[in-house]
Amino acid sequence: STCQYLFPPPRPDGRYGIGFMMESGALVRYESNSPEFVAPGDLAVGMHADAVMVAFPGQVESVPHKYVEGERYLVYTPADGSDVRLVFDVDAQGIITQWRIGRLPQVEYVEGCM
């Protein structure tokens, strides 16, 4: 496979902290499931999804989760038309559980490396 993840040690218990997806030798996405790493818009794991809508008004689409009923993705698309997206995974209670930023199509890969 030409896709791999890099995870800096140490990893927090039950989390990977931050991960970097490399594909064909290039960084195509990075992601976090830990509140210590802050996404653009000053958003972090553990915050309510409403904060995403406030940070990026009119630029966020809500998409149903691929596997879990009641959960969703909030996808921020920049106004410049670029192929970069910021995706927040949100649980049924409306809490951000992880986020990722990267290029299309890799940022949309729910399972990570395909």
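The model is predicted, so local features need pLDDT of at least 70 and side-chain atom pairs count only at pLDDT 80 or more, while totals for chains, interfaces and linings use all residues. Residues are numbered from 1 along each chain as its sequence is written, and side-chain values use heavy atoms, with hydrogens and water left out.

Of the 114 residues, 39% count as buried, where buried means under 20% relative accessible area, exposed over 50%, and partly exposed in between, with a 1.4 Å probe and protein chains only.

Turn next to the salt bridges, of which there are three, each defined as a side-chain nitrogen of Lys or Arg within 4 Å of a carboxyl oxygen of Asp or Glu.

- Select Arg-29 and Glu-31, whose side chains meet at 2.7 Å, N to O; both residues are buried.
- Select Lys-66 and Glu-111, which meet at 3.4 Å, N to O. Lys-66 lies in the loop between β4 (60-64) and β5 (72-76) and Glu-111 in the segment after β7 (96-103), so the pair ties together parts 45 residues apart in sequence. Lys-66 is exposed at 52% relative accessibility, whereas Glu-111 is partly exposed at 41%.
- Select Arg-100 and Asp-89, with their closest N and O atoms 2.8 Å apart. Arg-100 lies in strand β7 and Asp-89 in strand β6 (residues 84-90); Arg-100 is buried at 4% relative accessibility, and Asp-89 is buried at 7%.

Terms used: Helices (H or I, at least four residues) and strands (E, at least two) are DSSP runs, numbered from the N terminus.
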